[in-house]
Every structure is written in C-alpha cells, then in structure tokens.
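User: Can you walk me through this one? I'd like to begin with the sheets.

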Amino acid sequence: MILVADSGSSKTDWILSLPDNKKLTFRTAGINPFFWPEKEIVNLLNTVPEVQTYYRDVTEIYFFGAGCSSPDRREIVSNALSTVFPTAFVNADSDLLGSAFATCGNTQGLTCILGTGSNISFYDGGEIIDGKHGLGYILGDEGSGTFFGKKLISGFMYGLMPEEIHQAFDDAYHLTKEDVIENLYQKPSPNFYLASFSKFMSDHYEHPYIKELLYQGFQEFVRTNIHSYPDYNRYPCHFVGSLAFHFQEVLRAVCQDNQVRVGKILKHPIDDLFEYILLRETRNV
C-alpha cells in the first residue's frame, strides 16, 4: 500500500492506495516541521481513524510538505511517519516538488504555490532547482493568504479602505488594534491568522477595491518571483493553492499582462500527485 500526502501549513491531504485499485482519501491538519515537533506529528497521526487499521500494511509513504526544504526538517517528518508506520519506506520532500510532480509531470516548467504562503521553483523534468524564494510570511509570501491578510488589516486600521468595504470588514471582524497585536505577536501561528482574512476577499470579490488588491498582490508575486527567472516566458507556469484557484480570473489577467504562460491551476494537487507517484512506482517495479 502506498500513502501519498500533500501538506501545506493549514491542512494535509492524504490518499492511500487500497487493493483492487481503490483508494482512501482523508485530510488532517497541516504538518509543517517548522511549527510541529516530531512528537506532535506522531500524536496527530495516531488519532486519524481512517488509517488506524493500516499502520502495518503501508509499504511506502511519499510526503510532500511546506517546511520540508532542508534535511533536518524532512527528518522530523520522516521520523514521525516511521514511528506510526513502522514497516513503511518513507520519503519526505518539499511541497514544491510535490506541486511540480502534480503539474509538470516529466516536463520542464515553473511551479508556483499560492495558498497560506507562496513559493516558486523551476522544475527541469526530474527535480526542482533550488531558488532564492520562500522567505516566509514576514519577508516574502507575495500574493498569498498571509500577504493579503496583512494588506486588509493595515488598510482597515489605517482607514485606507473605501467606506462600504471598511464597514463590511468592521461588521465581519470587529477588529481593534489590541486584537491585531495579540494575534500577531502573542499567539501562535500568526500566519494562519493573517491568511484567515482571505475569506473576506471571496465574500466581496466583485468590489473594485478587492479586485485591485488582488491584482496588485499577484503582480507583486509575478514581479518578485516569476520575473526572477530570465527565460520565464519559455516555459508554462503552473499554480497550486486555494488563492490561485479561487481568484484565477485576476491571476490569469495579471499573467497575460506580464506574458506569463499559464499552465495548470490546481486547488488541491493531491489527486494529480497521487496518480504521478502511483504511475512512477508501477513503472519501477
């Protein structure tokens, strides 16, 4: 049995291959080794009812996750998975590589993540090429949920929103300066807190202020990330993540204005990723 996982900071999607070409899908909290120690990952997996009967039947695990960009972080995840699934071969790697497998397959291209956070990499058809991006929500994450959350909160607190949007935001969240400071500097997971405000953009998507905010945010992602590759227009540029999927109308407009060739836009790459891994492992048998 092969278990494949695609993990962002907010959630993890899993698919387990079962006999007779059947599969089991389930979802857990996001597993990011920057925020989750090994023991907490083990505790989480030990409480997932969908796989409790398969702990010793899983033979291979392919985990692709946010925060798995360095060997020591990948080791945290792989050790936890090996504890829960003691007979399985475990491979942990970055969510960028998983996104590349899901979107590019065996062809070259740029793969971008626009979800809670953002990132980009070039995929040469076999592996991703290390870049200078992925600096996190404080220094980077352009065009992500955390990025837009910061823009919305600051626009509201500084009184820069149009009156009707300001009132709608106030009615939805009743934010005070003290609330913001507490959630950003005293409570855990400030990136999740910031990204949670992206729902407001969905609820008020047709308002010109929101569309302009989205356009400028995606424009900054293109300028900072995609344009850093001199030959970016030679390759398709794929996107995965909730922000890219839900606001793809604006994203496509920004890409068109910047001569970016849009490829796939996937909300959840897990299905395409699972099929890629399954096909690859079948061929290697």
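Analyst: Terms for that: strands are DSSP E runs of at least two residues, numbered from the N terminus, and two strands pair if DSSP finds at least two bridges between them. This is a predicted model, where local features need pLDDT of at least 70, side-chain atom pairs count only at pLDDT 80 or more, and totals for chains, interfaces and linings use all residues. Residues are numbered from 1 along each chain as its sequence is written, and side-chain values use heavy atoms, with hydrogens and water left out.

User: Fine. Which residue in strand 4 does Ala5 stand opposite?

Analyst: Phe63. Strand 1 (residues 2-7) and strand 4 (residues 60-65) run parallel, joined by 6 bridges.

User: What is the strand order in that open sheet, and which strands stand at the edges?

Analyst: The order is 3-2-1-4-5, with mixed pairing. Strand 3 (22-29) and strand 5 (89-94) are at the edges; each has a single partner strand, so one side of each is left without a neighbour in the sheet. The twist averages 15° from one strand to the next, with axes taken as lines fitted to C-alpha atoms and angles running from 0 to 180 degrees between N-to-C directions.

User: And the sheet with order 8-7-6-9-10?

Analyst: That one is an open sheet of 5 strands, also with mixed pairing. Its edges are strand 8 (128-129) and strand 10 (262-266), each with a single partner strand, so one side of each has no neighbour in the sheet. Strand 6 (residues 109-114) runs parallel to strand 9 (residues 237-240) through 4 bridges, and Cys112 stands opposite Phe239 in strand 9.

User: Switching to aromatics. How many aromatic pairs does a search of the whole structure find?

Analyst: 18, where rings of Phe, Tyr and Trp (its six-membered ring) pair if their centres lie within 6.5 Å. One aromatic cluster is formed by Phe156, Phe169, Tyr173, Tyr193, Phe197 and Phe200.

User: Which ring does the charged end of Arg73 sit over?

Analyst: The ring of Phe34, 4.1 Å from its centre. The criterion is NZ of Lys or CZ of Arg within 6 Å of the ring centre and within 35 degrees of the ring normal.

How values were computed. Rings of Phe, Tyr and Trp (its six-membered ring) pair if their centres lie within 6.5 Å; planes under 30 degrees apart count as stacked, over 60 as edge-to-face and the rest as tilted.
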